[in-house]
Amino acid sequence: YEVLFERGIHVVTTGQVFAEPVAELGLAMALNIARGVVDADLAFREGRELWGGDGNSSARLLSGAEIGIIGFGDLGKALNRVLSGFRAKIRVFDPWMPASILRDNGVEPASLDTVLGESDFVFVVASVTSENEGFLGEKAFARMRPGAAFILLSRAGVVDFDALIAAVARGHIVAASDVFPQEPLPLDHPVRRLPGFLRSAH
């Protein structure tokens, strides 16, 4: 940014334009994780479907869940709006956002440790900066509840992606992502075949 500003180049963002569509994608990912929709559809196509309770043994509800949001810019606010009908307890970590604004939006200001440790679903919508690159790594994932969902919607740069893959691979958490360290992602990247990881091309 410093170089751009020095050269008189204006920096703009499309955040407001894309906030609502991305928030709805995040909601879709959370609902899929909660109910295993994609895996159930694939099983049905292959004749491996499970009926009744057998097919819902790991299902859970978004309604009444504890939800954490990391970042509360345009996307965080849009996500909060689409989640409003689920009667969830929503905690937000955003070191740049005054607590009064968070409360005015009906969410509870919280530390990063609290958001990670007390959420059933964690949505990451924080922008990547030179200060926060890769700040969500092995220690962050270890703080999360076993089986909690980590949903990455902003930029892959805020996450140590290898640590995320490892946390999912050992079954500690499940995850979904719309962004990746390389886009398009190489065909031999291990995340393509990782169970417990829901993928969407950015």
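Reader: Which residue just after α8 takes a positive phi?
Author: This is a predicted model, in which local features need pLDDT of at least 70, side-chain atom pairs count only at pLDDT 80 or more, and totals for chains, interfaces and linings use all residues. Residues are numbered from 1 along each chain as its sequence is written, and side-chain values use heavy atoms, with hydrogens and water left out. Just after α8, a positive phi of about 80° is taken by Gly-171.

Reader: At the start of α8, which backbone nitrogen does a side-chain oxygen of Asp-160 reach?
Author: This is a polar contact (a pair of N or O atoms within 3.5 Å; within protein, one must be able to donate a hydrogen and the other to accept it, and residues adjacent in sequence count only if both atoms are side-chain atoms). The oxygen comes to within 3.3 Å of the backbone nitrogen of Asp-162.

Reader: What covers the buried residues of α8?
Author: Buried means under 20% relative accessible area, exposed over 50%, and partly exposed in between (1.4 Å probe, protein chains only). In α8 the buried residues are Phe-161, Ala-163, Leu-164, Ile-165, Ala-167 and Val-168. Their cover, judged by contact (heavy atoms within 4.5 Å), includes α7 (138-143), β5 (149-152), β6 (174-177) and β7.

Reader: How many residues apart in sequence are the parts that Phe-161 and Phe-197 tie together?
Author: The whole structure has 4 aromatic pairs (rings of Phe, Tyr and Trp, its six-membered ring, with centres within 6.5 Å; planes under 30 degrees apart are stacked, over 60 edge-to-face, the rest tilted). One of them is the tilted pair of Phe-161 and Phe-197, with 6.3 Å between centres and 45° between planes. Phe-161 belongs to helix α8 (residues 161-169) and Phe-197 to strand β7 (residues 197-199), so the pair joins parts whose separation in sequence is 36 residues.

Reader: Is Phe-197 buried or exposed?
Author: Phe-197 belongs to one aromatic cluster with Phe-161 and Phe-180. Phe-197 has a relative accessible area of 4%, so Phe-197 is buried.

Reader: Where is Pro-184 found?
Author: Pro-184 is joined to Glu-183 by a cis peptide bond, with omega about -5°. Pro-184 is in the loop between β6 and β7.

Reader: Is Arg-87 buried or exposed?
Author: Arg-87 lies in the loop between α4 and β2. Although not a glycine, Arg-87 has a positive phi of about 50°. Its relative accessible area is 63%, so Arg-87 is exposed.

Reader: Which residues does Ala-88 touch, not counting residues up to four places away in sequence?
Author: Ala-88 is in the loop between α4 (74-83) and β2 (89-93). Ala-88 counts as partly exposed because its relative accessibility is 21%. Leaving out residues up to four places away in sequence, Ala-88 touches Leu-62, Gly-64, Ala-65 and Ile-67.

Reader: What radius of gyration does the protein chain have?
Author: The protein chain holds 8 helices and 7 strands, and its C-alpha trace spans about 60 × 40 × 30 Å along the principal axes. The radius of gyration is taken over C-alpha atoms, and the globule rule is 2.2 Å times the number of residues to the power 0.38. For 202 residues a compact globule would come near 17 Å, which agrees with the chain's value of 18 Å.

Definitions and conventions:
Helices (H or I, at least four residues) and strands (E, at least two) are DSSP runs, numbered from the N terminus.
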